[in-house]
Amino acid sequence: MLAGPVNDLLGTSIPAELASQIKKEVSEFEGVHGVFDLILHNYGPDVKIGTLHISVNDTMSAHDIHGLTRRISTTMYERHGIIMTVGVYAIATGDNKRTELQNKVLQTLAANKEIVQVHGFYYSENMLSVDVVPDDTIHDDTALIRRLTAQVEPLAPGLQITVVVDHNYCE
């Protein structure tokens, strides 16, 4: 008897089919090259709140990104009644050190059999950050971070390396 009202207060998960549909719909927007980190909460029949990240080329202007995230948010509300916040990851493009380093790091981390997805690469003068999604066999995020950081350090000597472990909350 209490489960229904308590779940409405605390939030319940969204069906995996809806999560897949949302990722598909968002990935179809022009300029979107990936959809990541989807988190959805259902707070009763009329309140759904979500967040996700999209990857776009680093050559997009802030104005274009703003318009894209607005279109995505509006579409998610109109189609699914979800108040959606959209974050952005930039994909390095062009023939430069950032693009070369991005490719090396992503390939190195993706070569680990327990890594399902690598995204969110960011590089600046003194730091490098990247997100990974492990499979269900990983139970020690700290050990995974240590191991993956050790793999990335030789590719980016002298940089502060941050490996962020994301978990799949919707599928």
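How many Å² does the accessible surface of the protein come to, and what share belongs to carbon and sulfur atoms? The surface comes to about 10,100 Å², with 54% from carbon and sulfur atoms (Shrake-Rupley method, 1.4 Å probe; for residues, only the protein chains shown count as cover). This is a predicted model: local features need pLDDT of at least 70, side-chain atom pairs count only at pLDDT 80 or more, and totals for chains, interfaces and linings use all residues. Residues are numbered from 1 along each chain as its sequence is written, and side-chain values use heavy atoms, without hydrogens and water.

**Overall**
- The protein has 5 helices and 6 strands (DSSP runs numbered from the N terminus: H or I, at least four residues; E, at least two).
- Of its 171 residues, 38% count as buried (under 20% relative accessible area, 1.4 Å probe, protein chains only).

**Strands β5 and β6**
- Strand β5 (residues 127-134) pairs with β6 in the parallel sense over 6 bridges (pairing needs at least two DSSP bridges).
- Leu128 has Ile161 of β6 as its bridge partner.
- In β6 (residues 160-165), Ile161, Val163 and Val165 point to one face and are buried.

**Cores**
- The largest nonpolar core has 19 residues (buried Ala, Val, Leu, Ile, Met, Phe, Trp, Tyr and Cys joined through side-chain atoms within 4.5 Å).
- β4 (115-123) supplies at least two residues of this core, as do α4 (97-110), β5, α5 and β6.
- The largest share, 4 residues, comes from β4.
- Another core, of 18 residues, lies apart from it and includes Leu18 and Ile82.

Definitions and conventions: Buried < 20%, exposed > 50% of the residue type's maximum accessible area, 1.4 Å probe, protein only.
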